[in-house]
Amino acid sequence: MKTLLILFVLIHLDKLLRTGRCTETQDQILSITPKTQEQVHILKNISSQYETSLWQPVSSHYIKEETEVHLFVPANSSDTVKDLLQKGAIIHEVLLSNANELIEMQTRNDSTDPRSSSTFYERYHSLEDIFYWINRTQQDNPTTVRAILLGSSYEKRPLYALKLSLNNSLNKKAMWIDCGIHAREWISPAFCLWFVQYALAFYKINQDITDILDNMDVYILPVMNPDGYEYTWTTNRMWRKNRSVSRSSNCIGVDLNRNFDANWCTEGASDEPCSEIYCGAYPESEAESRAVADFLRSHKDSVQLYLSIHSYSQMLLFPYSCTLEEAENHKDLLEMVQEAAQVIRRHYRNTYKYGSGAKTIYLAPGGSDDWAYKLGIKYSFTFELQDRGRYGFLLPPSHISKACNEALIAVKTIALKVIKKTQTSKSSVQTD
């Protein structure tokens, strides 16, 4: 017993010498629900004046009474923040007490080669790894996969989309999927990689994906915000925006999902460069949003389905987010997400909320899905993947498989319904 005690002391001696104490405060995620207007004011002040990062809602603008707030609190701000909460009689719950460990676990990687490990798709990957994967996927599938350079980011990183074309029939329609518009949402690029490997592996094996790929080409942009994504790996895991420099402020970055020309910079966006929902200097002011918009404009006659993948909160959303008005085909869109949510629940026992963006969450103008819809892509959706806040943006790698399979079954459900709808409308036009 004495030997074990000595061993324990030796193992922890380094930490004791470094910190002078047995326990070390780590970065934490707090869940806080303000009950009064005064508490709302205190919480808004904490989230904007101190070194913290709002997870939910994305901006202090949206904090209100009886609405749960998720706040990332770095170790060096922990005592100050908790003192302010205590003074305001604001009850909080620690959702995650070891955020540092989770971040370290997410960035641990053994291999960059998708062929060397069966668990490649169940891990998060650096931007360098993803670029390598894009190149390798194209090389390994020369007749079915093509990398398309859409443009470059603010820091001149390439914006590569993959085109999957597994059937050479004429006049094929297409779907678009983009991932990683917000840098810290790592499960999003993970899904884009997951979808590609599933499509290539199960074409002619799984009937649903075969039917989809026989009727549609797929354009997939794994990382729409490469500068921000790289920054989350090297510097700040909680970064959301891109990394463009403002002429009017020292603050960096634009929220790319507020930068599209859909009721741009109205209620739900900010014209303050320091805000997490800064809309940019003008619509498509950012190289990344402009590259995507240019590509979709030039392919609007073939792209019938638009999907943008985000996290977290488990929601299947459709236009509009920029206004409370209903989309022209609201009923069809609602039926599609409702069925997709039911299929997820049936197969994976998990619940997803669904509905139009503005009514389900809040007003968010300048979003890519609304812009795509207004362009003429009448089946336009935003998916918010796992989870609901237990881990938030720090979803562990062990959850990737289930999160991606839930999103995959939703994509398949909606894509099949879109194919059916468009074929029905096409045949009715021919009959007329």
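Residues are numbered from 1 along each chain as its sequence is written, and side-chain values use heavy atoms, with hydrogens and water left out. Because the model is predicted, local features need pLDDT of at least 70 and side-chain atom pairs count only at pLDDT 80 or more, whereas totals for chains, interfaces and linings use all residues.

The protein contains 13 helices and twelve strands; these are DSSP runs numbered from the N terminus, helices being H or I of at least four residues and strands E of at least two. The radius of gyration is 23 Å, close to the 22 Å that the globule rule gives for 432 residues, so the protein is as compact as a globular protein of that length. The radius is taken over C-alpha atoms, and the globule rule is 2.2 Å times the number of residues to the power 0.38. The C-alpha trace spans about 80 × 55 × 45 Å along its principal axes. Of the 432 residues, 55% are buried. Buried here denotes under 20% relative accessible area, exposed over 50%, and partly exposed in between (1.4 Å probe, protein chains only).

Side chains of opposite charge can pair when their charged atoms come close. With a salt bridge defined as a side-chain nitrogen of Lys or Arg within 4 Å of a carboxyl oxygen of Asp or Glu, a search of the whole structure returns 16 salt bridges. One of them joins the side chains of Asp217 and Lys163, at 3.8 Å from N to O. Asp217 belongs to strand 8 (residues 216-221) and Lys163 to strand 6 (residues 158-164), so the pair ties together parts that are 54 residues apart in sequence. Asp217 is buried at 8% relative accessibility, and Lys163 is buried with a relative accessible area of 18%.

A salt bridge also forms between Asp255 and Arg240, whose closest N and O atoms are 2.6 Å apart. Asp255 and Arg240 both lie in the loop between helix 8 (226-234) and helix 9 (287-298), so this pair ties together parts that are 15 residues apart in sequence. Both Asp255 and Arg240 are buried.

In the salt bridge between Glu339 and Lys417, the closest N and O atoms are 3.0 Å apart. This pair links distant parts of the chain, with Glu339 in helix 10 and Lys417 in helix 13 (residues 400-431), 78 residues apart. Glu339 is partly exposed at 32% relative accessibility, and Lys417 is partly exposed at 24%. Beyond these pairs, a network of salt bridges links Glu155, Arg157 and Asp227.

Gln56 and Pro57 are joined by a cis peptide bond with omega of about -5°, and Pro57 is placed in the loop between strand 2 (53-56) and strand 3 (69-73). The loop between strand 2 and strand 3 also holds Glu66, which has a positive phi of about 60° although it is not a glycine. A cis peptide bond with omega of about 10° joins Pro319 and Tyr320; Tyr320 is in the loop between strand 10 (315-318) and helix 10. Cys265, likewise not a glycine, has a positive phi of about 60°. Cys265 is found in the loop between helix 8 and helix 9 and is partly exposed at 22% relative accessibility.

Gly366 is situated in the loop between helix 11 (357-360) and helix 12 (368-375) and is buried at 0% relative accessibility. From Gly366 to Gln86 the separation is 280 residues in sequence and 38 Å in space, C-alpha to C-alpha.
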